Amino acid sequence: MSAPTDRKFLGRLSLPERRYLTDALRTETVGGVLLLLAAVAALVWANSPAADSYKSVQDFHIGPAALGLDLSIQHWAADGLLAIFFFVAGIELKRELVAGELRDPKAAALPVIAAICGMAAPALVYALVNTLGNGSMDGWAVPTATDIAFALAVLAVIGTSLPSALRAFLLTLAVVDDLFAILIIAIFFTSDLNFAALGGAFAGLVVFWLLLRKDVRGWYVYVPLALVIWALMYNSGVHATIAGVAMGLMLRCTTREGEKHSPGEHIEHLVRPLSAGLAVPLFALFSAGVSVSGGAIGDVFTQPVTLGVVLGLVVGKAIGIFGGTWLAARFTRAELNPDLTWPDVFAVASLAGIGFTVSLLIGELAFAGDDTLTDEVKAAVLIGSLIAAVFASVLLKLRVRKYRALIADEERDDDEDGIPDIYEEGDPAYHVRMAEIYEKKAAEHRELAQAAGASRDDADRPA
C-alpha cells in the first residue's frame with residue numbers, strides 16, 4: 001500500500017497568488033469580451049456587402065519603406081500589436097518561474113506536463129488526419145495554442161466563474177502554452193536570417209538588460225529602445241514578437257525591501273490593459289474576417305488540413321490536457337482537491353480547446369503566400385474554438401452550483417478585515433474577532449426577543 005501524501009492538486013492558492021490571479025484575470029476577462037466582439041465584427045464586415053472594403057483596409061500599406069517597415073495593416077497587427085501581447089506573456093512567464101506556480105518544480109510538474117501533452121496531442125491529431133487524408137503537414141502547430149482571454153470571455157458570457165484553483169490551473173496552462181508557442185514561432189517560422197539586423201537586435205536587448213540592472217527609470221528611455229529592438233528583430237527574419245517576449249523575460253519580478261510590487265508586476269499592470277483591450281482585439285479585427293458561407297463551412301469538415309485543425313482543438317486539447325494531468329497526478333501521487341472532481345479537470349481541458357489569437361497567427365505564418373488556404377485555416381480555428389467553447393460551457397454549467405458554493409466559501413469575509421476567512425482559520429486573533437462578532441449579534445437578538453415578548457404581553461392584556 002502506497003504511503004499517503006499531503007500534496008494536493010488544485011489545492012488552495014496562497015493569498016498573494018489568489019489576489020494576483022484575481023486582478024490579472026479581471027483584465028483578461030474584459031479584454032476577452034472585447035476580443036469576442038472584435039471577432040464578430042470582423043466576420044460581419046468580411047461577409048457583408050462591404051467585404052471589399054475589409055480587404056482593402058487589411059491590405060493598406062503604411063510605414064517607412066527605407067527601414068523595411070512598409071507593412072500592411074494586417075501585418076502591423078500581427079507583428080506589431082501582438083508584440084505587446086507577447087511582452088505581457090514574457091512577464092507572466094518570468095513571474096510564474098520566480099514567484100508563482102512554476103517556482104517549485106514539484107508543484108509545476110502537473111501543469112507543465114498537462115500543457116505539454118495539451119500541445120502534443122493536437123499536433124498528433126492534426127498529423128494523423130493529414131497523413132490519412134494526404135493533406136499538408138505545414139499546419140501541425142495551428143491547433144496547439146490556448147487563448148486564455150477568449151476562454152475567460154466565454155465564461156463571462158455564459159455567466160459561470162471558476163474556483164480560484166481551476167482558474168490558476170487554466171492560467172498556468174496558458175502561460176506554458178505561450179512559452180512553447182513562442183519557441184515554435186522562433187524555430188519553425190524564421191525566414192532567412194539577416195545577421196546584421198539580428199546582431200543589432202541582440203545588442204539592443206543587452207542595453208535594455210543593462211538599463212534594468214542599473215535601475216534606470218522612465219518610459220521615454222525604454223519605449224524608444226523597445227521600438228528599435230522590435231524593428232531590428234523584424235528585419236532580422238526572426239518573428240518580431242520574439243522581441244516582446246525577450247524584453248518581458250528581462251524584467252525583475254521579485255520584490256525588494258520596501259517594495260509592494262516588483263517592477264515586472266507594476267509594468268504588467270500598466271501594459272496588460274493595452275494588450276488585452278487594444279492590441280489583441282485589433283489583431284482579431286484584421287485577422288478573423290473570413291468567408292463563412294455554407295459551402296466554406298462544409299469544406300472545413302471535408303479537407304484534411306482544416307479538419308485536422310478542428311479535431312486538434314476540440315479532441316486533441318481535451319484528451320491531451322486531461323490525459324497528461326491524470327497520468328502526472330497518478331505517478332506523482334498527488335491527491336486531487338476533495339472539493340473538485342476529475343470531470344472538472346476535463347471541463348477545463350475542453351475549455352483550453354479555444355485557440356484563437358496565437359492559432360490565427362500561426363495559421364498565417366504556416367500558409368503564408370496561399371491566401372485561400374490561410375482563410376480556410378482561419379475558418380477552421382474559429383469553428384473549432386466555437387465547438388470547444390460550446391462543449392466546455394455545457395460541462396461547466398452542469399457543475400455551476402458547486403462552483404458558486406466554492407467561490408462563496410473562498411470570498412466569505414465575516415470579520416470584514418479584507419482577508420477571506422478561509423485564509424485565517426489558523427489565526428487565534430481571527431477566532432477572537434469572530435467570537436466578539438457573534439456575542440454582539442447574540443446580545444442584539446436577546447434585546448429583540450425581549451422587545452418582541454413585551455409587545456406580545458401588551459397585546460394579550462385585556463382592554
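1. The model is predicted, and local features need pLDDT of at least 70, side-chain atom pairs count only at pLDDT 80 or more, while totals for chains, interfaces and linings use all residues. Residues are numbered from 1 along each chain as its sequence is written, and side-chain values use heavy atoms, with hydrogens and water left out.

2. A search of the whole structure gives 13 salt bridges, a salt bridge being a side-chain nitrogen of Lys or Arg within 4 Å of a carboxyl oxygen of Asp or Glu. One of them pairs Glu28 with Arg272, whose closest N and O atoms are 2.5 Å apart; this pair links distant parts of the chain, since Glu28 belongs to helix H1 (residues 15–46) and Arg272 to helix H10, 244 residues apart.

3. Glu28 is buried at 9% relative accessible area, and Arg272 is buried at 4%, where buried means under 20% relative accessible area, exposed over 50% and partly exposed in between (1.4 Å probe, protein chains only).

4. Asp215 and Arg256 also meet through their side chains in a salt bridge of 3.2 Å, N to O. Asp215 lies in the loop between H7 and H8 and Arg256 in the loop between H9 and H10, so the pair ties together parts that are 41 residues apart in sequence. Asp215 is partly exposed at 37%, as is Arg256 at 44%.

5. Gln74 is found in helix H3 (residues 73–98) and is buried, with a relative accessible area of 16%. Its neighbours in contact (heavy atoms within 4.5 Å) include Phe286 and Lys378.

Terms used: Helices (H or I, at least four residues) and strands (E, at least two) are DSSP runs, numbered from the N terminus. Lists of a residue's contacts leave out its neighbours within four places in sequence.
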